[in-house]
Amino acid sequence: MSTMILKPIISEKSMRLAATGTYMFEVPKSANKLLVSDAVKTAFKVDVIGVRISILKGKVKRFKGMAGKRSDAKRAYVTVKSGQKISVFEETK
């Protein structure tokens with residue numbers, strides 16, 4: 001299943017991590033470390049050293065007395081071999 005949708009997360013934190021070789025992606029909730037690793041290898045042609053996954057729980061919000069909940073999200077922190085880069089996270093000057 002290397003056709004997994006990887007959505008890169010571009011923020012100050014992710015750009016700081018990208019300088020050290022770790023990249024952040026938003027992945028489907030059903031994804032595991034092996035699937036994420038294979039998807040990054042095939043999509044960006046890099047060697048993956050490690051994958052860490054975190055689950056972000058959605059906030060409970062209120063609007064005009066009605067309670068609602070934002071959806072949960074899953075993030076993958078992918079570390080690539082030193083010297084390799086993913087072009088999506090490159091800063092343009």
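The largest nonpolar core of this predicted model has 19 residues. Such a core is a set of buried Ala, Val, Leu, Ile, Met, Phe, Trp, Tyr and Cys residues joined through side-chain atoms within 4.5 Å; buried means under 20% relative accessible area, with a 1.4 Å probe and protein chains only. Phe25, Val27, Val36, Val40, Val78 and Ile86 have the most contacts inside the core. At least two core residues come from each of helix H1 (12–18), E2, H2, E3 and E6. Helices (H or I, at least four residues) and strands (E, at least two) are DSSP runs, numbered from the N terminus. Apart from neighbours within four places in sequence, Ile86 is in contact (heavy atoms within 4.5 Å) with Tyr23, Phe25, Val40, Phe44, Val46 and Val80.

Now the sheet. Four strands lie in the order E1-E2-E6-E3 in an open, antiparallel sheet; two strands pair if DSSP finds at least two bridges between them. Strand E1 (7–8) and strand E3 (48–56) are the edges, each pairing on one side only. Strand E2 (residues 22–27) is joined to strand E6 (residues 73–80) by six bridges, and Thr22 has Thr79 in E6 as its bridge partner.

H2 packs on this sheet and touches E2, E3 and E6. Ser37 belongs to helix H2 (residues 33–44). Is Ser37 buried or exposed? Ser37 counts as buried because its relative accessibility is 12%. Beyond residues up to four places away in sequence, Ser37 touches Val48 and Val51.

Residues are numbered from 1 along each chain as its sequence is written, and side-chain values use heavy atoms, leaving out hydrogens and water. In this predicted model, local features need pLDDT of at least 70 and side-chain atom pairs count only at pLDDT 80 or more, while totals for chains, interfaces and linings use all residues.

Technical notes
Buried means under 20% relative accessible area, exposed over 50%, partly exposed in between (1.4 Å probe, protein chains only). Axes are lines fitted to C-alpha atoms, for helices over the stretch in contact, and angles run from 0 to 180 degrees between N-to-C directions.
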